[in-house]
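Hi everyone, thanks for coming. Let me put the picture up on the screen so that we can walk through it together.

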Amino acid sequence: MTAPAGADALSRYTFPAADCSRIPYGMYRDPDVFELEQERIFRGPIWNYLALEAEIPDPGDYRLIAVGDTPVIVNRARDGSLHALVNRCSHRGAEVQRNLHGNTKVHTCCYHQWSFDLTGKLIGVPFQKGIKGVGGLPADFDKVCHNLQRLRVETMNGAIFGTFCDETPPLEDYLGPVFSHQVRRLFHKPVRVLGYQRQRIFGNWKLYTDNLRDPNHGGLLHMFQITFGIARLSGTGGARVDADGKHNLSWASQGGRTTHEDSAEGGYAGTDRGDMNIKLKDPSLLRYHKEFPDDLTLAVTSLFANAALQQIGNTLAVRQLRPRSADEFEIVSTFFGYEDDDEAMTRHRLRKANLAGPAGLVSMEDGEAVELVHRAIVRDMDKHSIVEFGGRGPVVDQENLISDVPMRGFWIYYCKLMGIRAGETA
Amino acid sequence: MTGTPRGVSPEMHLEVTMLFEEYGRLLDADSLEEWTTLFVPDCRYEIMSRENIEQNLPLSLMLCDSRDMLDDRVYSLREANVFNIHYDCHIIGPVRVTPQGDGWTATAAYSLFQSIQAGETRLFSVGRYHAELRRVDTVLRIVRMRVVVDTGAILTLLATPI
């Protein structure tokens, strides 16, 4: 058996610290690493977030998504069951379904009209037997062997997850108690999709997963909340991780409002962040209607490896990360409210959506930050970035926001799946 | 000639064309504070993806439902937000004007090119403006501007208005 494409790439880089407090730049830039990630991460023993059941409520409903860089159809079959199928015809490899979303009885490839039912079964091959005994496929061609490739699917409260790997543990075990709770918290009642936002970022996808696990940048890069006095890094907040450290919850609670003791004279001394006492003309954008039993006003849950569940005040969304190459990824965010929201609440959520996404007042900076890093690490690939806020060593829950410990948790698990032995010199 | 098939005089057509010119010029000149004065106080400005509109989904990329909110957006860009340093260049196509109630609707296609300091340019966004206009005293103002972006996959980020 030959080694998978890119396997030798790992020997090019060293993680000098076992706690992943140093990350070699090459892990973000090397196309061979990207190839290997497709096999060992996205098709490895993980659950990828696929879609919401609310997006495909009726039999025949489908949507096109991607798992890693593999195009995938998520659909609901006639019996109501959910399926995830690689969107690639078993004949010539064409995309079978070309519409982004819709409702259908079968997926028919336009190239040679091979058709597949909603479980991925090959059901139709035109001219399989030729015409009058001439042409067509050989007699021993067996349709049963040429279904669409299927992912295994599990759902939790209407969130659909899929895995390519037979060894992936049950979804509940994979998420663990903390993150199963986070999924159930956000999807505690039926949701109504409000719309989509897409963002194309020209950097490596792991710079984004790093960013999600770095509460420290929130109050330094995203200055909307700071400038308009909504939050401070010294406010109540922190991070939770699971036993592996692979998932992360960055949270802040309503008590996070603080005085100005930590403003320019305090922790922000030495930055060029100026007046922090500016008022919005229309502060209604900042209003928060409590809707969860806990006090969290910000809860961004990053699930290894392709998803983030987002509660920013009353702005709710799930983000799917779609890597396109070592140098580019897309974030597709599905914003939602709940089926029982009244008109005023829906309007409130739609206005609050200004805070999130590619144009988000508290999030737009992420696109820029990722690209700044990606551009500058083009060379010196065995140099390292530093991950030491909150200390080195074991990855544990953080009771403050001045930390990027969860980032190390991601990398420790990533190394495990990739077969990288961090902390051992080559 | 006193009118077009849509009942809009050439003078009116010219006036709307000039408003769109001014709109694009102020954005390109980074005169965002002046740009917001083209809107009435109870205006609505929103950028929506074609993808959402075609599915009857109400989510915007950017939504300001008053001048105050629009001013806040601009103020935040000036004071708080960090975004890619760029220059905008709006190319706005011919305007189609239709009378509606006591005002007019106007639509036009646009292309928005973004350039960086080092002089590289990319096509950042294409789409259409759908505006509702009203005369306030003697001046034509924007009551509602819906920017429908075909380029729904936003490149990098969307900071400055389209």
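How many residues does the contact take from chain B, and how many from chain A? It takes 30 residues from chain B and 34 residues from chain A, where two residues are in contact if their C-beta atoms, placed from the backbone, lie within 7 Å.

Before we go on, some housekeeping. This is a predicted model, where local features need pLDDT of at least 70 and side-chain atom pairs count only at pLDDT 80 or more, while totals for chains, interfaces and linings use all residues. Residues are numbered from 1 along each chain as its sequence is written, and chains are lettered from A and ligands numbered from 1 in the order in which they are written.

Back to the contact, on the chain B side. The elements giving two or more residues there are helix H3 (50-54), strand E2 (62-64), helix H4 (67-79) and strand E8 (153-155) of chain B. Helices (H or I, at least four residues) and strands (E, at least two) are DSSP runs, numbered from the N terminus. H4(B) gives the most to this side, with 6 residues. By class, the side of chain B that touches chain A has 16 nonpolar, 8 polar and 6 charged residues. For these classes, Ala, Val, Leu, Ile, Met, Phe, Trp, Tyr, Cys and Pro count as nonpolar, Asp, Glu, Lys and Arg as charged, and the others, Gly among them, as polar.

Now look at E8(B) again. Which strand of chain A does E8(B) pair with? The partner is strand E12 (residues 191-201) of chain A, in the parallel sense and over 3 bridges; strands pair if DSSP finds at least two bridges between them. Within this pairing, Arg200(A) stands opposite Leu155(B).

That pairing belongs to an open sheet of 8 strands, in the order E13(A)-E14(A)-E15(A)-E16(A)-E17(A)-E18(A)-E12(A)-E8(B), with mixed pairing. Strand E13 (237-241) of chain A and E8 of chain B stand at the edges with a single partner strand each, so one side of each has no neighbour in the sheet. On average, neighbouring strands here are turned by 20 degrees against each other, direction ignored. Axes are lines fitted to C-alpha atoms, for helices over the stretch in contact, and angles run from 0 to 180 degrees between N-to-C directions.

While we are in this part of chain A, find the loop between strand E15 (296-303) and strand E16 (307-312), which holds Ala305(A). A cis peptide bond joins Phe304(A) and Ala305(A), with omega about 5 degrees.

Next comes another sheet. Chain A has 7 strands in an open sheet, ordered E2-E11-E10-E5-E4-E3-E6, and the pairing is antiparallel. Its edge strands are strand E2 (48-52) and strand E6 (101-103) of chain A, each pairing on one side only.

Let's finish with helix pairs. At what angle do helix H2 (residues 31-42) and helix H9 (residues 405-418) of chain A cross? Roughly 100 degrees, and their axes come within 9 Å. H2(A) and H9(A) are therefore roughly perpendicular; angles under 35 degrees count as roughly parallel, over 145 as roughly antiparallel, 65 to 115 as roughly perpendicular and the rest as oblique. Leu36(A), Arg40(A) and Ile41(A) of H2(A) meet Tyr414(A), Leu417(A) and Met418(A) of H9(A).

The other pair is helix H4 (residues 205-212) and helix H8 (residues 365-376) of chain A, packed at an angle of about 125 degrees with axes 10 Å apart. That makes H4(A) oblique to H8(A). Their contact has 5 nonpolar, 2 polar and 1 charged residues.
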